[in-house]
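The following briefing concerns the packing and contacts of a two-chain model. Please consult the sequence and structure shown here before reading on.

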Amino acid sequence: MKGLPPVLITAIVLVAGFALCALQFPNIASTRVVGNLLTDNAFLGIVATGMTFVIISGGIDLSVGSVIGFTTVFVALAIERWGVPPLVAFVAILALSAAFGAAMGAIIHVFDLPPFIVTLAGMFLARGASFLLSTESVPITAPVYSTVSDFALRMPGGGRLTAIAIIMLAIVIGGVLLLRLTRFGANVYALGGGRATASLMGVAVGKMTVKIYMLSSLLAGIAGIVFSFYTSAGYSLSAVGVELDSIAAVVIGGTLLTGGQGSVIGTFLGVLIQGMIQTYINFDGTLSSWWTKIATGVLLFAFIALQQGLVALARRPAAKRAGAVS
Amino acid sequence: MTFKALFAASATAALLLALPANAAELTVGFSQIGSESGWRAAETSVSKQEATKRKVNLKIADAQQKQENQIKAIRSFIAQNVDAIFLAPVVSTGWDSVLKEAKEAKIPVVLLDRDIDPSGKDLYLTAVTSDSVHEGAVAGEWLAKTVGDKACNVVELQGTVGASVAANRKKGFDTAIAKHANLKVVRSQTGDFTRAKGKEVMESFIKAEGGGKNICAVYAHNDDMMVGAIQAMKEAGLKPGKDILTVSIDAVPDIFKAMVAGEANATVELTPNMAGPAFDAVAAFKEKGTVPPKWIQTESRLLTAADDPQKEYDSKKGLGY
C-alpha cells in the first residue's frame with residue numbers, strides 16, 4: 001500500500017476544491033465541465049503518465065513538451081504536404097519518438113550523465129527540429145481529423161466524453177496496471193530506490209533506463225497526436241512548458257520527486273486539480289490567468305513539505321534520532 | 001499538522017480567488033492572447049472600459065500566448081453559457097472543432113484584431129480588425145499632401161521581415177505615393193519593430209544620405225522604430241519634425257510626447273478599441289437579429305501635431321502601452 005496516503009490527500013484536495021468551486025459557480029458541477037476537464041487536459045494526462053514512471057525511477061524528462069510540439073508539426077506536414085496516410089504518419093512518429101527516448105535513456109546510462117542535462121538537450125533538439133520543419137501553424141484537413149475530433153459520447157447534461165478524453169483515460173488505466181502489476185513496474189520502483197541497490201537486486205539497470213525514457217517519449221508522441229487532434233493543426237510552438245506542468249501534476253499527485261514512491265492515479269488527480277484551478281479562473285473571468293501558476297505553486301510547496309514530513313515520520317522508528325534530510 | 005497546513009493553504013487560495021460575480025444584462029467571455037505588447041495590454045484595458053460603459057459583464061481569460069489555453073477558455077465560456085465569445089486568436093488555424101461547439105450551443109463568436117483560417121468562415125459572426133494596407137495608405141497620403149509638389153526623398157523603416165503587417169503597411173504606403181512622381185523611397189530597411197533597431201538603421205541612413213541632407217521624410221511601420229529614429233536624428237544634429245518629416249503607425253503614447261516636443265509630425269492610429277464595435281455588433285445581433293458583415297474594419301485615424309497630442313498622450317498613458 002505504499003504511496004497511498006499522499007494520493008488520498010490529493011483526492012481530498014480535488015474533491016474539496018471542486019466543491020468550493022461549485023459552491024460559487026453552480027455551473028461548474030455539470031457533466032459539461034467534467035467532460036471539458038478530461039478533453040482539455042487529455043494531452044497533459046497522457047504525458048504526465050509517462051513522467052510518473054520517469055520520476056518514480058529517480059529521473060526526469062524535460063523533453064516531453066518539445067516532443068509534443070515536434071509531433072504535431074511532423075504529423076501535420078506528413079499528412080498535408082507529403083501526402084502520407086494519417087495512420088502511417090502516426091506509426092512513423094511514434095517509432096521516431098520512441099527511438100528518441102531510447103537514445104536519451106542510453107546516453108544517460110552509458111555516459112552516466114544526469115537525466116536533467118540529457119533531456120534538457122533533448123528538449124532543445126526536438127523544439128529546434130520542429131521549427132526547422134515549419135515555423136508556421138499548419139492546418140490538418142484530413143477527414144479522419146474532423147471525424148475523430150467531432151466524435152463524442154454524450155453524457156446526460158450536455159457533457160461530452162470526446163475521443164481524446166477516452167484515449168487519455170485508457171492510457172491512465174494502462175499506466176496503473178503497468179506500474180502495479182508487472183515486473184517492469186516493480187523494477188521502476190526498485191530503480192528509484194537507488195541504482196546500486198537495484199542492480200544488486202538483479203535489475204538490468206541499463207535496459208530499464210532505456211525502456212523508461214522510451215516509454216516517456218512514446219507517450220509524449222501519443223500526446224502530440226492527441227494534441228494535433230485537439231487543435232487540428234501542427235504548430236512548432238505548441239505545448240511549450242508542458243514538461244513543467246506534467247512534473248507539477250506528478251508531484252501534486254504524491255509522487256516523490258527523488259523517486260521510489262508514487263502512483264499514476266495520483267498523477268491523474270494532479271492533472272485534474274490543475275485543470276480545475278484553470279476552470280475556476282476562467283469562470284471568474286476577472287482574475288489574471290497567472291493565478292493558475294500561483295495556486296499550482298502553493299500546492300507544490302504544500303505537497304513537497306508534506307512528503308518531507310512523511311519521510312521524516314517513516315524514518316523515526318528505524319533510527320531514533322535520524323535527521324529529516326533525504 | 002501537514003494536513004492542517006494544506007487545508008489552510010487551499011483555504012487561503014480560495015479566499016484570494018473569491019470575488020463576487022455581479023449581474024449584468026449581457027455576459028461576454030473574451031479569450032485574449034496575452035499581454036506580449038503594449039498595444040495588447042491597451043486592448044485589454046480598453047475592452048474593460050467599453051464593457052463597463054455598456055454594462056456588459058466581461059470575463060477575460062489571458063491565454064499566455066498559448067492556443068491550448070484559448071481553447072480551454074472558450075470551452076469554459078460555453079459551459080458558463082455566456083451570451084457571446086470574443087476571440088483574439090494567437091494562430092490562424094486549429095479553431096474548427098471548438099468553434100463548432102460554440103455554434104452548437106448557439107453562442108456567437110467575434111474575432112478581434114486577427115482573422116482565422118478561411119475554412120472556419122461560417123463558424124464566427126464577424127471579425128473586427130484593422131486594415132494594415134489602409135494604414136500604410138493613410139500615412140502615404142498624408143505625406144503626399146504635406147510635401148505638395150516639392151521633390152522628396154523618403155527613407156523607410158520596415159517592420160519585421162516576413163510579418164504580414166509589415167508587408168501590408170509597405171504595400172499601402174507604396175501604392176499611395178506611386179501617384180506622386182516627386183515622392184521617392186530612396187532607402188528601405190528593416191528595424192524589426194523595435195526602438196533600438198530603428199535608431200541603428202536611421203543612423204546608417206543618415207550617414208549614407210550625406211548626413212541627412214538628402215532625406216526629406218521618414219516613414220516607419222510603427223511608432224517605436226520612429227522614436228528610435230528621432231533620437232538618431234537629434235544625435236546627428238538634425239531637427240526631426242522640421243528638417244525631416246516623420247510619419248509612422250500605431251499611435252502609442254510616446255509618439256505624442258514627441259509631437260508635443262515638435263519632433264514628430266504624424267501617426268496613424270491602430271485603435272486598441274476592437275471590443276467596442278464587437279459589443280455593438282453582438283448587441284444588435286441579440287436584440288434585433290441583425291447579422292453584421294463578416295468583416296468590421298476599424299477606423300485608422302490620422303493624428304498630427306494639430307490634433308492636440310497632449311490630450312491624446314494623457315488619454316493613452318494609463319492604458320498599459
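**Core packing and chain contacts**

Leaving aside neighbours within four places in sequence, Val226(A) is in contact (C-beta atoms, placed from the backbone, within 7 Å) with Ala42(A), Phe43(A), Ile46(A), Ile164(A) and Ile167(A). The model is predicted: local features need pLDDT of at least 70, side-chain atom pairs count only at pLDDT 80 or more, and totals for chains, interfaces and linings use all residues. Residues are numbered from 1 along each chain as its sequence is written, while chains are lettered from A and ligands numbered from 1 in the order in which they are written.

**Nonpolar cores**

- A nonpolar core is a set of buried Ala, Val, Leu, Ile, Met, Phe, Trp, Tyr and Cys residues joined through C-beta atoms within 7 Å, buried meaning that 20 or more other C-beta atoms lie within 10 Å of the residue's own.
- The largest such core comprises 143 residues, and Phe43(A), Val47(A), Val226(A) and Val110(B) have the most contacts inside it.
- Another core, of 46 residues, lies apart from it and includes Leu143(B), Met226(B), Met233(B) and Ala266(B).

**Interface between the chains**

- In chain A, 40 residues are in contact with 31 residues of chain B.
- Helix 14 of chain A gives the most to the side of chain A that touches chain B, with seven residues.

**Domains of chain B**

- An automatic or database domain assignment divides chain B into domain 1 (24–130 + 272–290) and domain 2 (132–270 + 304–319).
- The centres of these two domains, taken over C-alpha atoms, are separated by 32 Å.
- Their contact takes seven residues from domain 1 of chain B and six residues from domain 2 of chain B.

Conventions
Two residues are in contact if their C-beta atoms, placed from the backbone, lie within 7 Å. Helices (H or I, at least four residues) and strands (E, at least two) are DSSP runs, numbered from the N terminus. A residue is buried if 20 or more other C-beta atoms lie within 10 Å of its own, exposed if 12 or fewer, and partly exposed in between; C-beta atoms are placed from the backbone.
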